[in-house]
Amino acid sequence: MKVDCLIINPSALSQIYQGLSSELAAIEPPIWAALLANHLRMKGKSIELLDCEGLGITVPETIKKVADIEPKLTVIVVYGQQPSASTQNMYAASILCGALKEAYPERKILLMGGHVSALPERTLLEEKADFVCKGEGPDTVMGLLGINMDDESQYKNVPALWWRENGKPVSGAPGTLIAQDKLPIELPGMAWDLLPMKNYRAHNWHAFDHINARQPYASVYTSLGCPYKCTFCCINAPFGGSSFRYWAPEFMITEFDKLATTYNVKNVKIADEMFVLNKNHFLKLAQLLAERNYGFNIWAYARVDTVKPEYLDTLKKAGVNWLALGIESGSKYVRDGVRKGRFDGHDIAAIVRQIKDAGIHVIGNYIFGLPDDDFKTMNETLDLALELNCEMGNFYSAMAYPGSQLYTMALEKSWELPKNWLGFSQHSYETLPLRTEHISAGEVLGFRDYAFHKYFESPSYLKLVKDKFGKDTYDHVRDMVKHHLKRQFAVPYQQTNMKQGVHA
């Protein structure tokens with residue numbers, strides 16, 4: 001079967017999440033792959049979309065599955081549902097790219113996504129792909145499909161394209177972002193019909209209210225980019241800098257209509273880096289969702305300084321049952337060092353209470369090992385997490401993701417980075433976070449794993465879960481904490497010298 005484009009979402013769930021992948025981790029629709037597929041289809045191109053993660057297939061199985069497909073161009077999409085996922089997904093993308101080239105050497109392969117946008121030259125030097133996209137992707141793919149790819153002289157006119165010339169990486173015409181008012185035209189939703197919708201599964205905590213009903217599940221973007229400049233974040237790598245664009249609420253509600261009426265989806269993740277930001281965007285969409293009353297169970301991202309009490313009732317009526325807050329650190333000194341807004345512990349506690357009082361659950365996101373962290377400040381972060389006692393806590397190690405300012409800083413300071421892309425995962429055996437000015441990477445990781453178990457095994461948290469969500473969810477959490485991740489580099493916290501740092 002001849003097609004213009006074969007789009008592939010690679011998978012390495014078991015390596016990225018270890019034992020968590022079988023039951024606890026989410027299986028999410030590949031948003032950018034499905035957006036690209038719909039874009040190309042709208043432009044009249046013939047396509048095939050293969051979600052290896054959704055289908056649960058290995059690289060050898062993927063090679064067999066595409067044997068009868070003859071694409072002009074194969075696009076491997078290296079994106080994820082949060083900033084970290086693109087780099088950790090590069091591990092699977094690299095293996096798949098090499099296997100495809102070995103099996104079908106004549107096929108042209110393009111790599112696109114956040115990671116490759118951050119490191120286009122290195123990607124071309126290390127991978128078997130013919131092309132790399134440093135940008136959003138749609139105009140690059142359409143540009144390649146519009147030329148003779150056997151004629152290298154035509155490459156320079158393709159937006160945001162990198163390729164090899166005499167073995168050296170070169171680039172041509174710069175790419176541009178799709179204008180906000182053009183988003184519904186150029187990216188008219190996801191190609192849901194090309195995805196294995198029955199296979200997707202919500203995060204375990206997302207379904208704490210109904211722990212045995214995590215499927216069906218979907219995730220969507222209602223906006224692209226983020227206007228903030230947190231030093232640990234790489235979300236804007238494909239966009240060339242801080243930016244924020246959103247689909248009109250009147251368009252986005254049609255996507256939710258499809259999810260509810262065609263696919264019977266209840267659990268929905270709004271994957272925007274910052275959903276609660278522009279009230280002309282999120283509040284209008286929430287009002288439309290409330291009018292539909294589909295009974296969605298939605299979770300979305302917000303910031304402590306973007307959530308206002310007057311928003312909460314409308315969000316709850318829309319089905320927003322979870323809001324994730326980037327609290328990051330219990331130390332204002334550490335937060336200031338990564339440009340994380342001017343708010344303190346009192347502000348954080350107040351907004352968490354207001355959200356909970358509105359009937360919305362809170363996901364507190366915390367990062368251990370930011371550049372100014374030591375054991376004292378990391379304990380302050382853990383203490384704050386225990387005090388807030390959110391319905392969910394995400395505990396991360398600071399990572400120098402390519403495309404972030406931390407990555408640039410790590411290179412300048414010659415701080416050790418992971419030897420392979422799997423090391424940038426939060427949950428893999430190979431995980432190697434960034435060291436800090438005061439403690440080693442292994443000590444950071446050891447403390448993160450200690451903090452996870454301290455939080456989820458704490459009597460106050462377990463009581464909250466049992467009282468709010470019931471015995472089944474309580475038992476689920478007790479089973480969850482039986483998982484202890486195997487780590488190559490972690491230094492167990494109890495075995496450290498309990499070094500303390502002093503900050504003004």
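The model is predicted, so local features need pLDDT of at least 70 and side-chain atom pairs count only at pLDDT 80 or more, while totals for chains, interfaces and linings use all residues. Residues are numbered from 1 along each chain as its sequence is written, and side-chain values use heavy atoms, with hydrogens and water left out. Helices (H or I, at least four residues) and strands (E, at least two) are DSSP runs numbered from the N terminus. Two strands pair if DSSP finds at least two bridges between them.

**The seven-stranded sheet**

- Seven strands make an open, mixed sheet, in the order S2-S1-S3-S4-S5-S6-S7.
- Strand S2 (47-51) and strand S7 (168-171) sit at the edges with a single partner strand each, so one side of each has no neighbour in the sheet.
- From one strand to the next, the twist averages 25°; axes here are lines fitted to C-alpha atoms (for helices, over the stretch in contact), and angles run from 0 to 180 degrees between N-to-C directions.
- S7 runs antiparallel to strand S6 (residues 161-165), with four bridges joining the two.
- One of the pairs is glutamate 165 with its bridge partner in S7, lysine 168.
- H2 packs on this sheet and touches strand S1 (2-9), S2, strand S3 (70-77) and strand S4 (109-112), its direction making about 170° with that of S2; contact means heavy atoms within 4.5 Å.
- Helix H8 (residues 138-145) lies across S1, S3, S4, strand S5 (131-133) and S6, at about 160° to S3.

**The six-stranded sheet**

- The other sheet is open too, with six strands in parallel pairing, ordered S8-S11-S12-S13-S14-S15.
- Its edge strands are S8 (217-220) and S15 (392-397), and each pairs on one side only.
- Neighbouring strands here are turned by 20° against each other on average, direction ignored.
- Strand S13 (residues 320-328) and strand S14 (residues 361-368) run parallel and are joined by six bridges.
- Tryptophan 322 has histidine 361 in S14 as its bridge partner.
- Helix H17 (residues 441-456) lies across S14 and S15, running at about 170° to S15.

- Valine 116 is in helix H6 (residues 114-118) and counts as buried at 0% relative accessibility; buried means under 20% relative accessible area (1.4 Å probe, protein chains only).
- Leaving out residues up to four places away in sequence, valine 116 touches Val78, Met90, Leu111, Thr123, Val132 and Cys133.
- Histidine 206 is in the loop between helix H9 (183-186) and S8, and is buried as well, with a relative accessible area of 0%.
- Beyond its neighbours within four places in sequence, histidine 206 is in contact with residues including Tyr217, Asn267, Trp299 and Trp322.

Methods: Buried < 20%, exposed > 50% of the residue type's maximum accessible area, 1.4 Å probe, protein only.
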